[in-house]
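Take a walk through this structure, one step at a time. Start with a single side chain, then step back to the whole.

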Amino acid sequence: MTLPAPSIVALAHRLEQAELNAAPISMLTDEHPEIDLADAYAIQDAIRDAKAARGANVRGLKMGLTSAAKIRQMGVSEPIYGFLNADHALHSGAEISTAQLIHPKVEAEIGFVLKHPLRGPDCQIEDVLAATAYIVAAVEVIDSRYQDFRFDARSVIADNTSAARYVVGERHLDVTSLDLPHLKISLRKNGIVAAVGSGADVLGHPAASVAMLANMLGSRGRYIPAEVLIMTGGATEAVPVHAGDCITVDYDGLGSISMQFT
């Protein structure tokens with residue numbers, strides 16, 4: 001780490017105020033090029049602590065940059081992770097106010113909920129599947145707090161990987177009933193297909209994303225607890241949305257999720 005603790009707290013406060021006020025800020029590394037990955041995760045932790053102090057507790061975990069193309073684009077060696085807050089959770093059919101967001105986008109994901117904790121290192125796909133209670137369809141609304149949706153890996157980690165809202169489907173299925181790599185997903189915007197993907201678009205297998213998360217957390221002395229939602233990363237590209245847009249996402253075997261932006 002390169003930043004002193006007061007700077008970590010100050011930058012976390014700046015990012016959270018940008019989120020709460022829907023007012024974009026400049027990328028952190030423009031002003032603080034010395035920020036390293038440890039600093040970035042420390043800023044994210046400070047945001048999590050500030051939210052918890054206001055009663056907005058962690059409801060789940062999320063992975064980001066889980067496609068090979070995004071990893072290359074961002075110049076990182078592995079995906080990144082963040083957290084999901086209880087006050088950001090929504091159900092299918094929700095209305096989502098764009099006035100509370102800066103420049104939202106939606107991406108379809110595959111969610112896991114575990115029946116017992118997972119710990120790294122050396123967590124593998126087989127360990128994830130054995131630990132999984134059920135699979136659920138999920139859509140993440142991402143909303144970078146940076147101007148023009150412009151960021152680098154360190155800045156987006158600090159910004160809790162652009163987490164804003166997430167919508168979870170009602171159908172829960174046992175992991176053995178799904179061919180996860182071949183699970184097809186279609187995202188429609190106002191009735192027109194805007195993006196398609198499959199489970200294989202998430203590190204080849206969405207369970208590989210969960211295993212990587214367990215290993216990344218393990219390197220920091222942490223683990224994935226049971227009964228929390230794990231969003232495994234975008235299986236489709238992120239699609240911009242505006243007031244008036246209706247999004248519907250269809251998942252083979254997992255049903256559909258819809259939301260209306262107002």
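Is Tyr81 buried or exposed? In this predicted model, Tyr81 has 4% relative accessibility. Buried means under 20%, so Tyr81 counts as buried.

Now look at the aromatic rings. A pair of aromatic rings is described by the distance of the centres and the angle of the planes. The structure holds 2 aromatic pairs. One of them joins Tyr41 and Tyr81. Their centres lie 4.5 Å apart, with 20° between the planes, and the pair is stacked. It links distant parts of the chain. Tyr41 sits in helix H3 (residues 37–53). Tyr81 sits in strand S2 (residues 80–85). Tyr41 has 10% relative accessibility, so Tyr41 counts as buried.

Phe149 and Phe151 also form an aromatic pair. This pair is tilted, with 5.8 Å centre to centre and 50° between the planes. Phe149, at 18% relative accessibility, counts as buried. Phe151, at 23%, counts as partly exposed.

Step back to the whole protein. It has 7 helices and 13 strands. Its C-alpha atoms fill a box of roughly 50 × 45 × 35 Å along the principal axes. For 262 residues, a compact globule would have a radius of gyration near 18 Å. The protein has 17 Å, which agrees. Buried residues make up 53% of the 262 residues.

Contacts reach along the chain too. Among those with a separation of 6 or more, 75% are between residues 24 or more positions apart.

Finish with the surface and the charges. The protein exposes about 10900 Å², and carbon and sulfur atoms supply 52% of that area. There are 21 positive and 31 negative charges, and their mean positions are 1 Å apart.

Notes:
Residues are numbered from 1 along each chain as its sequence is written. This is a predicted model: local features need pLDDT of at least 70, side-chain atom pairs count only at pLDDT 80 or more; totals for chains, interfaces and linings use all residues. Side-chain values use heavy atoms; hydrogens and water are left out. Helices (H or I, at least four residues) and strands (E, at least two) are DSSP runs, numbered from the N terminus. The radius of gyration is taken over C-alpha atoms; the globule rule is 2.2 Å times the number of residues to the power 0.38. Buried means under 20% relative accessible area, exposed over 50%, partly exposed in between (1.4 Å probe, protein chains only). Contact means heavy atoms within 4.5 Å. Accessible areas come from the Shrake-Rupley method with a 1.4 Å probe; for residues, only the protein chains shown count as cover. Lys and Arg count as positive and Asp and Glu as negative; His and the chain ends are not counted. The place of a charge is taken as NZ of Lys, CZ of Arg, CG of Asp or CD of Glu. Rings of Phe, Tyr and Trp (its six-membered ring) pair if their centres lie within 6.5 Å; planes under 30 degrees apart count as stacked, over 60 as edge-to-face and the rest as tilted.
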